[in-house]
Amino acid sequence: MTEHAESAADEFPEPSGSGRVDVVGTAHVSEHSVQEVESAIEEAEPDIVAVELDEGRYRQIKGETPDDLDASDLLRGNTVFQFLAYWMLSYIQTRLGERFDIEPGADMKAGIETAERLGLGVALVDRDIQTTVQRFWARLTAVEKLKLIGSLAAEMGPPLTVGVTVGAVLGGMFAVVAGAFGGPFIVPGGSLSGILPGGLAGAVEGLLDTLLLICVVAAGIGIPIAALLTRFRSEADVEEFDMEQLTDTDVVSAMMEEFRQFSPGGAEALIDERDAFIAHRLVALREAGYHVLAVVGAGHREGIEGYLDNPETLPPMESLTGTESGRRVSLYKLIGYGFGVVFLVFFGLLILGGASQAVLLRLFVALVVVNAVLAGGLAKVAGAHWSSAIAAGAFGWLTSLFPLLAAGWFAGYVELRYISVNISDIGTLNEILNDQESPILDLVNRMRQVPLFRLILVVALTNVGSAIASYVVFPLLLPYISSDIGGMEGVSRLLWQGVREGTQILVGVL
């Protein structure tokens, strides 16, 4: 059991010796389920009421202070995306609860309160939610992850508004970078020279060109995104159904099958593994001689009862616990390491090719400065304090050379000096997303005030800024930085010389 369940076991009444388990399947957002749970407990008079909860969710239901999140876990790369998965699952349950006018988890709360009122033991038999979400995220394919994030984005407002907003942000970044190294792209040069004075005409032309470029990119990116979000939203629309039928075996089976079609791996982590985990706990209580009434979601009832009838088919408990690494090769990591190797090889070949210290220093300084400006700037846009933005800028260049040292980590750890994040932040984010009337920018601004979301945003945008600096801006600056050695032609000459020198050294060693 969880830590809480083990401590509660000392307070269990003496086992009646009957050693049996009865399972009640409920809908977590159904008033009918609440009444069913209360009646079942009062009629069965078990020794123990087992609920589908872990320690953290039990404390939330009891109204205790939510746990602070572990910063070291939160700032690790994949944990950001696991948070999105957890947020999505929480949001779905919250929306269903509002739709049927009942607090999510009311069935579990009813089970706990009824057991306490009757002086019965309470056992927490579910797996830790963080372990479940981590294993769920690791089992999703890249396409499934995109669909999950897209579904969350689709809830932030009208698809066209969300899509164009995302497109405008990306368009603004593209226009700034492109405008620094070229243009005009849309407004013909000199078109306003006969209307406005020379200097003013050039400035207005540049401004109009930038604005039009942002609009073009926003439309080019935003409209396809809006089309995808419209599809996500239409797929997410739930047909009207009778809530009392939600615990019916046929209805639940159909819903579980639909989820398995979306993500077989995700269904294994969210449903099958938890069925086995809960069944392990219930079998142990049964073998100890307790009469247990288990209150679980209707989707778990069939699987749990199957294991209770045939406990020899239970997988080993060790296979159901602990974190799990993704089964597939991470394209993101491959690209990150690839660019890191490219930078190291680039500077190494320049050294072997005989590049002067002045040239190497200038190139390195450019890499550091461009990273500092973009990583620190985007961290500030995300709402970071000045010290966090400075940390993002100071360590941005490390992300280029050493992908494991993401600049976002440094900015995130500094930001944690000013904010405290905990589980309750997810509930706050759900409340904000439920506001369907406020403009999208207002929703984003309100979400930025939530510590957990701001921390995630600071970490993410810092890393994005460093990536843009390393993989886009720095290569564009190379011709200007290396002008005194012949620009790109001179750099290429030094690189080829470095290849020849490196080959000779390698042959000599062999």
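Tutor: Helices (H or I, at least four residues) and strands (E, at least two) are DSSP runs, numbered from the N terminus. This is a predicted model, in which local features need pLDDT of at least 70, side-chain atom pairs count only at pLDDT 80 or more, and totals for chains, interfaces and linings use all residues. Residues are numbered from 1 along each chain as its sequence is written, and side-chain values use heavy atoms, with hydrogens and water left out.

Student: How far apart are the end C-alpha atoms of residues 359-378?

Tutor: The UniProt annotation "transmembrane region", from an unreviewed entry, includes residues 359-378; such annotations are given in the numbering used here, with shortened feature names, and may be inferred rather than shown by experiment. In the model this span is 100% helix and 0% strand. Its end C-alpha atoms are separated by 29 Å.

Student: How many helices and how many strands does the chain have?

Tutor: Both kinds of element occur in the secondary structure of the chain. The count is 21 helices and four strands.

Student: Does Ser263 count as buried or exposed, and why?

Tutor: Ser263 sits in the loop between helix 11 (249-262) and helix 12 (264-287). Buried means under 20% relative accessible area, exposed over 50%, and partly exposed in between (1.4 Å probe, protein chains only). Because its relative accessibility is 0%, Ser263 counts as buried.

Student: Which backbone nitrogen does the side chain of Ser263 reach?

Tutor: A polar contact is a pair of N or O atoms within 3.5 Å; within protein, one must be able to donate a hydrogen and the other to accept it, and residues adjacent in sequence count only if both atoms are side-chain atoms. At 2.9 Å, the side chain of Ser263 reaches the backbone nitrogen of Gly266.

Student: Which residues does Leu282 touch?

Tutor: Contact means heavy atoms within 4.5 Å. Leaving out residues up to four places away in sequence, Leu282 touches Val21, Ala50, Val125, Val292, Ala294, Ile304 and Leu308.
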